[in-house]
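Reader: Please present the model, and then let us discuss selected residues in turn.

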Amino acid sequence: MQYQITGNTLPVVTCTLQENERMITESGAMSWMSPNMRMETSTNGGIGKAFGRMFSGESLFQNIYTAIGGQGMIAFASSFPGAIIPFQISPGNSMIVQKKGFLASEATVELSMHFRKKLGAGLFGGEGFIMQKLSGYGMAFVEIDGSVVEYDLAPGQQIIVDTGNLAAMSETCQMTIQQVQGAKNILFGGEGLFNTVVTGPGKVYLQSMPASSVAQALMPYLPVSNG
């Protein structure tokens, strides 16, 4: 499988598949494709895995696209202004991504839910108790809100991240929650009660414009319903 990512604010990834190569995606992610791409809707692993994906922010069913009778082409577009990041998944190189971050992948990549080990991380980390895990092997594509900044953390090296800005990280990274210190900082700092602390080793991908922050910023400008 070969791919090309084009576009800036609203990018699209176009994938070229050889005969019988397959890709999986969530419902509604396909933008255009060649006529020889065959679609099959499936739980892709059984009802247990399907419910796991649902709890991690995706739908119960996935669409599986197969190139039939020769080379095929299929494109997947982002649903929010930002970036599409390719990840090469392999055994020992799994990725943990934000809820609803998965866009598409080769069929040999497995999407499952990932529980944050510490309850505090789940309750206060900004993206819920459950994240998504990409494992297996093959190329996967993840949506990032806004621009992406990448850090490669050494063992024990830490970075403090504001709520919602953590888009993805290596499975080798650990994540905990740190409470903001000082009453004035909590009441008037505008940064909330908690920050996320990511500890290496591994790569961390941060997003500059979380969708939740955009929604919050637009709230004062939305019309108020009297009904």
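Author: Buried denotes a relative accessible area under 20%, exposed over 50%, and partly exposed in between, with a 1.4 Å probe and protein chains only. This is a predicted model, in which local features need pLDDT of at least 70, side-chain atom pairs count only at pLDDT 80 or more, and totals for chains, interfaces and linings use all residues. Residues are numbered from 1 along each chain as its sequence is written, and side-chain values use heavy atoms, with hydrogens and water left out.

Reader: Is Lys 100 buried or exposed?

Author: Lys 100 is located in the loop between β9 (95–97) and β10; strands (E, at least two residues) and helices (H or I, at least four) are DSSP runs numbered from the N terminus. Its phi is positive, near 65 degrees, although Lys 100 is a residue other than glycine. Because its relative accessibility is 59%, Lys 100 counts as exposed.

Reader: Where is Asn 20 found?

Author: Asn 20 is not a glycine, yet has a positive phi of about 75 degrees. With a relative accessible area of 54%, Asn 20 is exposed. Its place is the loop between β2 (12–17) and β3 (22–26).

Reader: Which residues is Ser 105 in contact with, leaving aside neighbours within four places in sequence?

Author: Ser 105 belongs to strand β10 (residues 102–106) and is buried, at a relative accessible area of 0%. Contact means heavy atoms within 4.5 Å. Apart from those neighbours, the residues in contact with Ser 105 are Met 23, Ile 24, Met 139 and Ala 140.

Reader: What is omega for the peptide bond from Gly 200 to Pro 201?

Author: Pro 201 sits in the loop between β18 (194–199) and β19 (202–207). The bond from Gly 200 to Pro 201 is cis, with omega near 20 degrees.
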